[in-house]
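Thanks for coming. Please have the structure open.

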Amino acid sequence: MTPPFRINLVTLSLAVGSHAFTSSLPPSRRTINSCSTSRTSSSVAATPMQTEVGNSHGQGSCFLPLLQNDDEYIAPRIVQIAGAYPGVTTETYLSITSEPAAQFGQWAYDFSDPDGPQLGTVAVPGMSSVYETEDPVVLIGEHTHLGVQLPDEIKDPVDLIVLVDRARNYFAERKFLVMELEENPGMISIGAFSSFEEFPSTAKIMGHVTLVQIPWLPSMQKKKSGFMEEDQLF
């Protein structure tokens, strides 16, 4: 029998829409349409049209489940498997590709086929909210669309990892819902509602947001060290 493995890491598919990762991104934002299959940038999503529905983060006592990386955060590595030993050939072993680790405070995306459909994987930290997400999928959302406030020094949109549980296809007050709206068929919208009376009666609930991960960027203050000489927040 194969021994069980305990892995403190979840690798999820990215579902980001047909207009994501295009060359229309601002020059300061990394794109996926290049020769490499993996990127460590925290800004890869495009800016499609958005239908406003419900509350954004901080409105109507509705708050996203945020996880803020600090400057010491080290993301899990996405590593390809060469096979089961014994039985791995030299050719297979040498054919496996690897990518650099993500920068401190950020994460890495992996796209096995950069010329195919723009779906890929990203490593999500092992924690209870991730474990309890029964049918997970990841969306990449700009902080401005979600209403998440970042330091004023950050001018360009920053991509956040939005973990969604598709099994939770029911209404809940002040929970951020992933929906398909009648006026915007075939597209995903995200919003929260203080009461069921505010919820559009024709909207279809397609999941709940269970985690939003924010990258650490150089313009953000560093984690407290406890030493006044080093600590900007002391």
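**A strand and its surroundings**

Strands E6 and E7 run antiparallel and are joined by 7 bridges. Before I go on: this is a predicted model, where local features need pLDDT of at least 70 and side-chain atom pairs count only at pLDDT 80 or more, while totals for chains, interfaces and linings use all residues. Residues are numbered from 1 along each chain as its sequence is written, and side-chain values use heavy atoms, with hydrogens and water left out.

Some terms. Helices (H or I, at least four residues) and strands (E, at least two) are DSSP runs, numbered from the N terminus. Two strands pair if DSSP finds at least two bridges between them.

Back to E7. Leu163 in E7 is the bridge partner of Val138. E7 also pairs with strand E10, residues 204–214, in the antiparallel sense over 5 bridges. There, Gln213 in E10 is the bridge partner of Ile161.

How many of the residues of E7 are buried? The count is 7 of the 7, so E7 is largely enclosed by the rest of the structure. Buried here means under 20% relative accessible area, exposed means over 50%, and partly exposed is in between (1.4 Å probe, protein chains only). In a regular strand the side chains alternate between the two faces of the sheet. In E7 both faces are covered: one side has Asp159, Ile161, Leu163 and Asp165, the other Leu160, Val162 and Val164, all of them buried.

Next, the threonine. Thr133 sits in the loop between helix H2 (128–131) and strand E6 (136–142). Thr133 counts as buried because its relative accessibility is 6%. What does the side chain of Thr133 make a polar contact with? One partner is the side chain of Thr210, at 3.0 Å. A polar contact is a pair of N or O atoms within 3.5 Å; within protein, one must be able to donate a hydrogen and the other to accept it, and residues adjacent in sequence count only if both atoms are side-chain atoms. A polar atom of the Thr133 side chain also lies 2.7 Å from the backbone oxygen of Ser129. Leaving aside neighbours within four places in sequence, Thr133 is in contact (heavy atoms within 4.5 Å) with Leu163, Val164, Asp165, Arg168 and Thr210.

Two of those names come back in the charged pairs. Side chains of opposite charge can pair when their charged atoms come close. The structure holds 2 salt bridges, a salt bridge being a side-chain nitrogen of Lys or Arg within 4 Å of a carboxyl oxygen of Asp or Glu. In one of them, the side chains of Asp165 and Arg168 meet at 2.9 Å, N to O. Asp165 is buried because its relative accessibility is 1%, whereas Arg168, at 23%, counts as partly exposed.

The side chains of Asp135 and Arg166 also meet in a salt bridge, 2.9 Å from N to O. Asp135 lies in the loop between H2 and E6, and Arg166 in the loop between strand E7 (159–165) and strand E8 (177–180), so this pair ties together parts 31 residues apart in sequence. Asp135 is partly exposed at 30% relative accessibility, and Arg166 is partly exposed at 41%.

Last, the overall picture. The protein has 3 helices and 10 strands. Of its 234 residues, 41% are buried.
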